[in-house]
Amino acid sequence: MQERIYLCLAHMSGQEMKFIKEAFDTNWVVPLGPNVNGFESDLEQFVGQDKKVAALASGTSAIHLALVQLGVKAGDEVICQSFTFAASANPVVYQGATPVFVDSERDSWNMDPNLLEDAIKDRIAKTGRKPKAIIPVYLYGMPAQIDAIMEIANRYEIPVIEDAAEGFGSRFKGQVCGTFGHFGIMSFNGNKMITTSGGGALICPDEETKRRILFYATQAREPFPYYQHEQIGYNYRMSNICAGIGRGQMTIVDEHIRHHQHVCQRYVELLKDVEGIDVHVNPTPDHDSNYWLNTITIDPEKTGTDYESVRQYLETKNIETRPLWKPMHLQPVYKDAPAYVNGTAESLFQVGLCLPSGPYVTDEHVALIVDEILACRR
Ligand SMILES: *Cc1c(COP(=O)(O)O)cnc(C)c1O
């Protein structure tokens, strides 16, 4: 039996234990300390653009604190890409606000700028108020049309929170994703481009904003000798142990990204002459995806099979694949949320599959996976 091939497994550099041991040896076993500071400065160097980065407990908590800092409250609306993982939208509801979902364009699979502007105009017409923020996503690592999105957001003066949880190290026109908007979020969950076992970060515009974010992340404690609280805070800081893993991961992040991109090239090469199966690749030279998860679409007419049959068949071969994210506007929990839809996300959801792409996926694995996919055709 083929040993199981996973979508994306955590992969250590070997440096992680050194940082963790240092934390134990110096008794910094708390949610702050030298590894947290070191990891934040590694991340700041990585993203550039003079941004400041706050290391937090998760990507979800990073989105939540961005919304808190932007003053999103009950009754407000926040525009969110529909084609995404639920964590992009859930923090909007934590604030008592309403997500307004916007569908994707076909090229990048991310937020459609035209539909975004339609949604903004319509929400203003219907509610008399502007949405409080816009959350575009870098799905599977693919850069969104972020220049067009930023142009619209700036014109309406609505802050952008880029959900770069899957897009760590992806670039648009050479600039790192997560650094275009007012805020950008990263995730270091176990299956992301790099991991801290669980964790995330918020990319902030300046030191003062980062200070506010860390204030909310440590229970909004005011500077008094006793514990005084004038706002509601959260326990969202990253632990010094997790940050030690992060520092180790930063020593091989470039290798990880190159590997995911190499795996993409192999899928493209082996599937290029196959009718009805398309690998999702950079739509223009401006897009530079990290290819966190490589994805294909399978045309049932041309192949005589479909994504679910392929998924089930590959499962019998011990190869892990996954359907694309089910769009938020089709989720039962969000059935009442306003949605601006063009059919793109729904139609992709019906034909797409995520393929193994992580550090442990070899060229031989890719060849085997492609052979097995081709065996499904009729
Ligand atoms: C993983 C993910 C998140 C959430 O990150 P966590 O660290 O798991 O909280 C948010 N958005 C997207 C698109 C993700 O894939």
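1. Let's start with strand E3 (residues 98-102), which pairs with E14 in the parallel sense over two bridges. Within that pairing, Val-102 has Tyr-340 of E14 as its bridge partner. Helices (H or I, at least four residues) and strands (E, at least two) are DSSP runs numbered from the N terminus, and two strands pair if DSSP finds at least two bridges between them.

2. Helix H5 (residues 113-127) packs on this sheet and touches strand E2 (77-81), E3, E4 and E14; contact means heavy atoms within 4.5 Å. The direction of H5 makes about 160° with that of E2. Axes here are lines fitted to C-alpha atoms, for helices over the stretch in contact, with angles from 0 to 180 degrees between N-to-C directions.

3. A word on the basis of all this: the model is predicted, so local features need pLDDT of at least 70 and side-chain atom pairs count only at pLDDT 80 or more, while totals for chains, interfaces and linings use all residues. Residues are numbered from 1 along each chain as its sequence is written, and side-chain values use heavy atoms, with hydrogens and water left out.

4. Back to the sheet with E3: four strands form an open sheet in the order E4-E2-E3-E14, with parallel pairing. Its edge strands, E4 (133-135) and E14 (339-340), each pair on one side only.

5. You will also find an open sheet of three strands, ordered E7-E6-E11, with antiparallel pairing. Strands E7 (175-176) and E11 (287-288) stand at its edges with a single partner strand each, so one side of each is left without a neighbour in the sheet. E6 (residues 171-172) is joined to E11 by two bridges, and Arg-171 has Asp-288 of E11 as its bridge partner.

6. Now the ligand: 15 residues surround it, and the closest are Thr-60, Asp-163, Glu-166, Ser-187 and Lys-192; a residue counts as near if one of its heavy atoms lies within 4 Å. An oxygen atom of the ligand is 2.5 Å from an N or O atom in the side chain of Thr-60. For Glu-166, a polar side-chain atom lies 2.6 Å from an oxygen atom of the ligand. Taken alone, the ligand exposes 380 Å², of which the protein buries 94% (Shrake-Rupley method, 1.4 Å probe).

7. Finally, the protein is divided into domain 1 (16-252) and domain 2 (254-374), with bounds from an automatic or database domain assignment. Their C-alpha centres lie 25 Å apart, and 48 residues of domain 1 are in contact with 39 residues of domain 2.

Definitions and conventions: Polar contact = N/O pair within 3.5 Å; in protein donor to acceptor, adjacent residues only side chain to side chain.
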